[in-house]
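Biologist: Hi! Could you walk me through this one?
Modeller: Happy to, here it comes.

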Amino acid sequence: MNDLYFEIQHLTHRYADGTVALNDLSLTISKGKKIALLGNNGAGKSTLFQHLNGILQPSSGSILFENRPMKYDRKSLLGLRSRVGIVFQDPDSQLFAGNVRQDISFGPLNLGWSEDKVNEMVEWAMTETEVTPLQDKPIHFLSLGQKKRVAIAGVLAMNTDVFILDEPSAGLDGYYSKQILQLLNQIHQLDKTIILSTHDVHFAYEWADEMIVMSDGEVIYHGDPIHIFKQEDLLLKAHLEKPWIFEMAEVLEAKNIISNINDFPRNKEQLITYLK
């Protein structure tokens, strides 16, 4: 059984103006993971995401999805996007229907499902994202947090295996950010793979199974969410700060309360346990 969704080999993307956004990038994405993608603005995160969904094509290199080269004809892309959904940072760039229900229904309808199945999946997605009370509301009357949940519902209704989210909590206050992150954990429990970009290292450290760190179109780290913060040179290169929980764990390590880096607390509750 193939445990990889994506195998990216020497991927380079050069825009029309000559800008190299991805530079000979190689990477694998495993199934069932919660993956946080970090990097400063211009690192190439959004460009990489658009390649995973087939929006962009490589200037050179290749991408395998479940061990098969990605193809870019209409039929192949429809098949890929029924498996790999993307939620953009700005929900207004993908929400366009008259009201919430119509927008969430758009993807499932394009998969050729029966009316009964479309309705079933739309109802389920609205329930999971808690937007059912908004279903008849025009999109332009929604708040940013509501729009983000509707955009996620549109992908969820298609029952994709992979969720790609570009800065899902950007622009949200603490309440709506927490709502979005709780929703992502619910989605992951449905045996989905989630890849998201974020500038919030505190969230990434607590939430992710794996971290990918990019700088200048290259991957400079791919591994667990702990060891990266021991590498001062990489943090400096990627303009990343250490999460406060990690810094507290380093103090506990210095006092020999923690003896193994793999025992570092990942959230406030685990940290409190050590302090007690």
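Modeller: Let's start with a term: a salt bridge is a side-chain nitrogen of Lys or Arg within 4 Å of a carboxyl oxygen of Asp or Glu. This is a predicted model, where local features need pLDDT of at least 70 and side-chain atom pairs count only at pLDDT 80 or more, while totals for chains, interfaces and linings use all residues. Residues are numbered from 1 along each chain as its sequence is written, and side-chain values use heavy atoms, leaving out hydrogens and water.

Biologist: How many salt bridges does the structure hold?
Modeller: There are nine. In one of them, the side chains of E66 and K31 meet, at 3.0 Å from N to O.

Biologist: And which residue forms a salt bridge with E66 at 3.1 Å?
Modeller: That's R83, with 3.1 Å between the closest N and O atoms.

Biologist: Is E66 buried, exposed or partly exposed?
Modeller: E66 is partly exposed, with a relative accessible area of 26%. Buried means under 20% and exposed over 50%, with partly exposed in between (1.4 Å probe, protein chains only). K31 is partly exposed too, at 27%, and R83 counts as partly exposed at 25%.

Biologist: New topic! What does E253 pair with?
Modeller: E253 forms a salt bridge with K230, and their closest N and O atoms are 2.7 Å apart. E253 counts as partly exposed at 23% relative accessibility, and so does K230 at 34%. Salt bridges that share partners join K230, E232, K242, E250 and E253 into one network.
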